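Visitor: I would like to learn how to read a protein model feature by feature. Could we take one and go through it together?

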Amino acid sequence: MHSIFIDGEAGTTGLLIRDTLDQLPDLTVVSIAASERKQAAAKLALMAEVDLVVLCLHDDAAKESVAMVNSLPGKRPKIVDASTAHRTDPDWVYGFAELCEGQAKSIAQASRVANPGCYATGAIALLRPLIDAGLIPVDFPLSLPSVSGYSGGGRAMIEAYQAGTAALFESYALGLSHKHIPEIMHCTGLTTRPLFVPSVGNFKQGMIVQIPLHLSLLPGGVTAHDLHDALLAHYALTNHATDPCVRVMPPTDDLKLDATALNDTNLMELRVFSNTNHGHAVLMARLDNLGKGASGAAVQNIRLMLTNTT
C-alpha cells in the first residue's frame, strides 16, 4: 500500500485525482484538515509520512512545496507537479508517458515528474512523432488553433459559465504568449515559436487541438498518409500494451469531431484530415482536458512511479 498527499486537493484537478485514487486498492490518499492547509508545519509533517506528493497549486506555491519536500531529512517523497513550474526544468522528467520510447520507464524511475499541460499534451502528441520522423522540420512555422471546455479555466471562469454570465465562445491569450508554448517547444524540439490561439466554449470539459498544414510547404512531398503512418508507428512503440491511452484513428465518416466525446476518460485520439485536391491537411488531437490533459495523466504517472504499471 502506497500513501499519497495531494497538496491543493480542493481544486478541480486535485478533486478528480482524489476520486480516481480512491478507487485503486493499492493506493491511499492522506488528507490535511481544511484548517491546516496553509500551515507549513502541518503540511511538512504529512509530506514526511507519504510516498508521493501531488502538487495541484499555482506555480509559486508549487515551488514553495517542492522546497519543503527538499528540506526533509532522510527519505523524501516523490513528487508529481501539476503546475507549470517545472515542465521545462531539465532536472524533472516530463510526465507524458507516450512522448518517446523509454519515457514511461524514465517516469517510473523518477522522483520528480512534471505533469503536462492540457493543450500541450495534444500539440506534443501530434508534433513530436512527426518531427522525429523528419516529416515536419523543427523550424517550420506552425499554427495551433484550439478549443477547450471551461473547466480548465479556474474557479472564476467555472462560476461565470455556470451562472450564465460568460461568453458562449471566447478566444483568449491573444497576447500570443500562452504559458504552454515553452513546454511545447521544449518537448518537440521546435525552434520556431508556434502561433498558439486557444479558445473556450460553453461546455464543461473536452478539448481539440488543431494543426493546419499546407502539405506543399513541407519538404520531401509529404502526404497525409505519411503523417498518419508516422503517428501510428510512434504510438505502436510508446503505448502501454495493458492500457493504450493514445489512439491514432482514421478521419471520421462525417468529417466532424465532437470535442466532448472522450470526457471522463484518460484517452486521446489523433487524426489526420486532408483534402488532396487542395494539398491541405489538419492534424487533430481530441482529449478530455481534465483527463489525459490533467488528472488522468497525473494518475497514470503516479501509478508508474509507485507501482510501475499503467
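Predicted model: local features only at pLDDT ≥ 70, side-chain atom pairs only at ≥ 80, totals over all residues.

Visitor: How many of the residues count as buried, in percent?

Guide: Of the 310 residues, 51% count as buried. As for the surface, the protein chain exposes about 13,900 Å², and carbon and sulfur atoms supply 53% of that area.

Visitor: What share of the contacts comes from residues 24 or more positions apart?

Guide: Take the contacts in the protein chain with a separation of 6 or more: residues 24 or more positions apart account for 72% of them.

Visitor: How many positive and negative side chains are there, and where do the centres of the two sets lie?

Guide: The count is 22 positive and 30 negative side chains. The centres of the two sets lie 3 Å apart.

Visitor: Now the rings. How many aromatic pairs does the structure hold?

Guide: It holds 2 aromatic pairs. To classify a pair, look at the angle between the ring planes: under 30 degrees counts as stacked and over 60 as edge-to-face. The rings of Tyr119 and Phe196 have planes at 70 degrees and centres 5.1 Å apart, so this pair is edge-to-face.

Visitor: Where in the chain do Tyr119 and Phe196 lie?

Guide: Tyr119 is in helix α5 (residues 118-132) and Phe196 in strand β9 (residues 195-201). They are 77 residues apart, and the pair links distant parts of the chain.

Visitor: Is Tyr119 buried or exposed?

Guide: The general idea is a cut-off: buried means under 20% relative accessible area. Tyr119 has 3%, so Tyr119 is buried. Phe196 is buried too, with a relative accessible area of 2%.

Visitor: How are the rings of Tyr150 and Tyr161 arranged?

Guide: Their planes are at 5 degrees and their centres 4.8 Å apart, so the pair is stacked. Tyr150 lies in the loop between β7 (143-149) and α6 (154-162), and Tyr161 in helix α6, so the pair ties together parts that are 11 residues apart in sequence. Tyr150 is buried at 11% relative accessible area, and Tyr161 counts as buried at 8%.

Visitor: Let us turn to single residues. Where is Phe5 found, and which residues is Phe5 in contact with beyond its neighbours within four places in sequence?

Guide: Phe5 is found in strand β1 (residues 2-7), and counts as buried at 0% relative accessibility. Leaving aside its neighbours within four places in sequence, Phe5 is in contact with residues including Val30, Ile32, Leu46, Met47 and Val54. Lys43 is also one of these contacts. A C-alpha distance gives another view: Phe5 and Glu49 are 44 residues apart in sequence and 9.1 Å apart in space.

Visitor: What about Gln103 in helix α4: is Gln103 buried or exposed?

Guide: Gln103 counts as buried, at 10% relative accessibility. Helix α4 covers residues 103-109. Leaving aside neighbours within four places in sequence, Gln103 is in contact with Val93, Tyr94, Phe96 and Ala97.

Visitor: How far apart are Gly154 and Gly11, in sequence and in space?

Guide: Gly154 and Gly11 are 143 residues apart in sequence, with 8.5 Å between their C-alpha atoms. Gly154 lies in helix α6 and is partly exposed, with a relative accessible area of 32%.

Visitor: Last, backbone angles. What is phi of Ala173, and of Leu176?

Guide: Phi of Ala173 is near 55 degrees, a positive value in a residue other than glycine. Leu176 has phi near 60 degrees, again positive in a residue other than glycine. Ala173 is in the loop between β8 (169-171) and α7 (180-188), and Leu176 has its place in the loop between β8 and α7. Ala173 is partly exposed at 27% relative accessible area, and Leu176 is partly exposed at 37%.

Definitions and conventions:
Residues numbered from 1 in each chain as written. Heavy atoms only, no water. Phe/Tyr/Trp six-rings, centres within 6.5 Å; stacked < 30°, edge-to-face > 60°. Helix = DSSP H or I, 4+ residues; strand = E, 2+ residues; numbered from the N terminus. Buried < 20%, exposed > 50% of the residue type's maximum accessible area, 1.4 Å probe, protein only. Contact = heavy atoms within 4.5 Å. Areas by Shrake-Rupley, 256 points an atom, 1.4 Å probe, with all protein chains shown as cover. Lys, Arg positive; Asp, Glu negative; His and termini not counted. Charge placed at Lys NZ, Arg CZ, Asp CG, Glu CD.
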